[in-house]
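Please look at the sequence and the structure before reading on.

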Amino acid sequence: MRFALSPAAAILLFGAACQPPPPAGLTDQDRAAINQKTEEFTKGLNARDWAGVVNGYYTEDAVMMPSNGPSVSGRAGIQAWMASYPPFSDFASRTVEIEGSGSTAYVVGRYALKVMPPGGAPVADSGKYLEIWKKGEDGSWRVARDIFNSDVPMPMPAPADSTVKKPAPKRK
């Protein structure tokens, strides 16, 4: 018995054989580099080294999407946002998951800190973040997109005092 391949089948088989392999998953070295950058980020924030944090952690065109505010673009914008953030202490972060392939990775993590609002008592905050990382031509990993939000509910305004007497309407 003889086997014949139709021209269409031959093209399909040849095309499939010529496809590049899918990108490899992240290596242990990639994960370690990302974890190292995250540790440096945490130390830099606690030291208030905004320029060092931004230049070492974010891509030039990074976008940060913070809680309760508009997106911030680029290193200069992110640095200005960080410098304007209320004073804080005890910033900590914990990586929960690192996945990806090729030159793209995503990181899911948790954070906690104490915020000292001007004129107020310290407020404990904790939440989660999702980062998209890109591997540069030099082999270094940096964050291209960063979104984070708090698990702590926003404070609600006090209810209006119903015992306060309202002024009488003016007579015409």
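The points below are grouped by topic.

The model is predicted. Its largest pocket has a volume of about 850 Å³, and the salt bridges come to five.

**Largest pocket**

- The pocket of about 850 Å³ is lined by 35 residues, and the closest to its centre are Tyr85, Tyr111, Leu113, Asp125 and Phe148.
- Two or more lining residues come from each of helix 2 (28-46), helix 3 (50-57), strand 1 (58-65), helix 4 (74-84), strand 3 (88-101), strand 4 (104-115), strand 5 (123-135) and strand 6 (141-150).
- Strand 5 contributes the most to this lining, with five residues.
- Sorted by class, the lining holds 26 nonpolar, six polar and three charged residues.

**Nonpolar surface patch**

- Tyr106, Leu130, Ile132 and Ile147 make up a nonpolar patch on the surface, and together they have about 300 Å² of accessible area.
- Ile147 belongs to strand 6.
- Ile147 counts as partly exposed because its relative accessibility is 35%, which lies between the limits of 20% for buried and 50% for exposed.

**Salt bridge Asp30 to Lys135**

- Asp30 and Lys135 form a salt bridge in which the closest N and O atoms are 3.0 Å apart.
- Asp30 is in helix 2 and Lys135 is in strand 5, so this pair ties together parts that are 105 residues apart in sequence.
- Asp30 is buried, with a relative accessible area of 8%, whereas Lys135 is partly exposed at 32%.

**Salt bridge Arg75 to Glu60**

- A salt bridge joins the side chains of Arg75 and Glu60, at 3.0 Å from N to O.
- Arg75 in helix 4 and Glu60 in strand 1 are 15 residues apart, and the pair links distant parts of the chain.
- Arg75 counts as buried at 17% relative accessibility, while Glu60 counts as exposed at 55%.

**Salt bridge Lys114 to Asp90**

- The side chains of Lys114 and Asp90 meet in a salt bridge, with an N to O distance of 3.5 Å.
- This pair also links distant parts of the chain, with Lys114 in strand 4 and Asp90 in strand 3, 24 residues apart.
- Lys114 is partly exposed, with a relative accessible area of 40%, and Asp90 counts as partly exposed at 48% relative accessibility.

**Salt-bridge network**

- Arg110, Lys128 and Asp151 are linked in a network of salt bridges.

Note on methods: Residues are numbered from 1 along each chain as its sequence is written. This is a predicted model: local features need pLDDT of at least 70, side-chain atom pairs count only at pLDDT 80 or more; totals for chains, interfaces and linings use all residues. Side-chain values use heavy atoms; hydrogens and water are left out. On a 1 Å grid over the protein atoms alone, a cavity is a set of points where a 1.4 Å probe fits but cannot get out, and a pocket is an open set with protein on both sides within 12 Å along at least five of seven lines; lining residues have an atom within 4 Å of a point. Grid points are joined across faces, edges and corners, and a volume is the space filled by probe spheres set on the points. Helices (H or I, at least four residues) and strands (E, at least two) are DSSP runs, numbered from the N terminus. Ala, Val, Leu, Ile, Met, Phe, Trp, Tyr, Cys and Pro count as nonpolar, Asp, Glu, Lys and Arg as charged, and the others, Gly among them, as polar. Patches are made of residues with over 30% relative accessible area and no salt bridge: like charges are joined within 9 Å, nonpolar side chains (Val, Leu, Ile, Met, Phe, Trp, Tyr) within 5 Å. Accessible areas come from the Shrake-Rupley method with a 1.4 Å probe; for residues, only the protein chains shown count as cover. A salt bridge is a side-chain nitrogen of Lys or Arg within 4 Å of a carboxyl oxygen of Asp or Glu. Buried means under 20% relative accessible area, exposed over 50%, partly exposed in between (1.4 Å probe, protein chains only).
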